[in-house]
Amino acid sequence: MIAAIRNLPRTVWLLGLISLVNDSASDMIYPLVPLYLTSVLMAGPKALGLIEGIAEGTASLVKLAAGVMADRMRRSKWFVITGYGLAGFARPLIAITTSWLGVLACRFADRVGKGLRTAPRDALLTHAVEPGQRGLAFGFHRAMDNLGAVIGPLVAAGLLALGVPLRTVLASAIVPAIFVLWLAFAIEEPPAPLALKPVPFTWNLREFPPAFKRYLLVLALFMLGNSSNMFLLLRAKELGLADAYVPVLWALVSLVAAVFSTPLSALSDRMERRSLITGGWSIYAIFYLLFGLMPAQPWLLWPMFAGYGLFLAATEGAEKALVADMVPREQAGTAFGWYNLVVGILLLPASIVFGWLWATLSPTTAFAFGSGCALLAAVLLHFWVGPAPTNRDPAI
């Protein structure tokens, strides 16, 4: 495993390092947004759901457009540079907002930046490695991303423990943002495959195989029950976790994901990827059900959030590797655009429904809804979505 990671191309390593630094900055802020909304701006779960849903859902259209344009232009690097730059400079502006609408604007700009870079970056990873390395490459990238998500909350927790004001902690994210932009300019774009003839874009996805379309439908069902992770942090606070431990708890999730992402995603190179994803979605269903039913015992949150990190490790890299398996390489940007569109656009109804169920009925009802969607999606993925080719280029 170590030798295989060491032999990954420079592009994979550089993109991993960029994600490490970027997520250190992002996750300095992400766990603090619910605290900032509730304790400083006096907003509740409905505002949180609206902010996350609009920001992620609208930005998802950008992900599709960026993926399509990257395929047409056969260039991905500048989408990556622009995306990281926009997000990096938008996040610290949360520190000067005076209402939840200002937070919405900053989160929207952050997510648009992510939309610009995500599909082109995933296409870069696809083009940089051989088909038999896809799980390893995407898993390594997610591991570096999650390692940054460990560093960021720990830095935030340390600053808060030292008495640094919350606004100052938010504003300090500008420093890693500058470093990320410098690293992004160092990317060398690998040669992308040239299509024999241009493939026209269609909204009915008729240019893609049927299995990929079914996969997107099942993914949409899963995402309908997968609301913003900020609700998990809000629930943890509701169950009695002290504010200073909220960033540390989120760091635990990222630490578990960072440790297990590479080996679990690499395992998907040697087995049927759907089985690994099905197992991860099943873990999610159990986690959400238990999270809605658990008593107000803060110590239980630590093993629960560690289990959530295991779900992320088993699915994040494997889901993207499955996309790469299902489509021709010259359509990778567009395919990842559709994948990220589905993941993001469903966050709007998912977060709004989750916030409404929480506020109107109970947190238990909201988490039970998410659990049911995940379980049904896992069953459909296993029995309805056809197997994709593994360890070979599906364009051949």
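Predicted model: local features only at pLDDT ≥ 70, side-chain atom pairs only at ≥ 80, totals over all residues.

Colleague: Okay, then is Lys-320 buried or exposed?

Modeller: Buried, because its relative accessible area is 8%.

Colleague: And which side chain does Lys-320 meet in a salt bridge?

Modeller: That's Asp-122, at 3.2 Å from N to O. Lys-320 sits in helix α14 and Asp-122 in helix α6, so the pair ties together parts that are 198 residues apart in sequence.

Colleague: What's the relative accessibility of Asp-122?

Modeller: It comes out at 0%, so Asp-122 counts as buried. Asp-122 also has a salt bridge with Arg-121, at 3.3 Å from N to O. Arg-121 is buried as well.

Colleague: How many salt bridges does a search of the whole structure find?

Modeller: The search gives 12. Some are linked up: Arg-134, Asp-269, Arg-273 and Asp-325 belong to a network of salt bridges.

Colleague: How far apart are the closest N and O atoms of Asp-269 and Arg-273?

Modeller: They are 3.0 Å apart. Asp-269 has 4% relative accessibility, so it counts as buried. Arg-273 is at 0%, so that one is buried too.

Colleague: Switching to voids. How many cavities of 30 Å³ or more are there?

Modeller: Five. The largest cavity holds about 990 Å³ of space.

Colleague: Which residues that line the largest cavity are the closest to its centre?

Modeller: Arg-111, Lys-114, Arg-142, Asn-229 and Glu-316, out of 43 lining residues.

Colleague: And which helix gives the most to that lining?

Modeller: α14, with seven residues. Several other helices supply at least two residues each, including α2 (10-29), α4 (45-73), α6 (100-128) and α7 (134-161).

Colleague: Where in the chain do Trp-78 and Phe-185 lie?

Modeller: Trp-78 is in helix α5 (residues 77-90), and Phe-185 is in the loop between α9 (174-184) and α10 (210-224). The pair links distant parts of the chain, 107 residues apart.

Colleague: Why does Trp-78 count as exposed?

Modeller: Because its relative accessibility is 54%, and the cut-off for exposed is over 50%. Phe-185 has 44%, so it counts as partly exposed.

Colleague: Last topic, the surface. Which residues form a nonpolar patch there?

Modeller: Leu-255, Val-259, Phe-260, Ile-283 and Leu-310, with about 380 Å² of accessible area together.

Colleague: Which helix gives the most to that patch?

Modeller: Helix α12 (residues 246-267), with three residues. Leu-255 is found in α12, and at 39% relative accessibility it counts as partly exposed.

Colleague: Great, thanks for walking me through it.

Terms used:
Residues numbered from 1 in each chain as written. Heavy atoms only, no water. Patch = residues over 30% accessible without salt bridge, like charges linked within 9 Å, V, L, I, M, F, W, Y side chains within 5 Å. Areas by Shrake-Rupley, 256 points an atom, 1.4 Å probe, with all protein chains shown as cover. Salt bridge = Lys/Arg side-chain N within 4 Å of Asp/Glu carboxyl O. Helix = DSSP H or I, 4+ residues; strand = E, 2+ residues; numbered from the N terminus. Buried < 20%, exposed > 50% of the residue type's maximum accessible area, 1.4 Å probe, protein only. 1 Å grid on protein atoms, 1.4 Å probe; cavity = no way out; pocket = protein on both sides within 12 Å on 5 of 7 lines; lining within 4 Å. Points joined across faces, edges and corners; volume = space filled by probe spheres on them.
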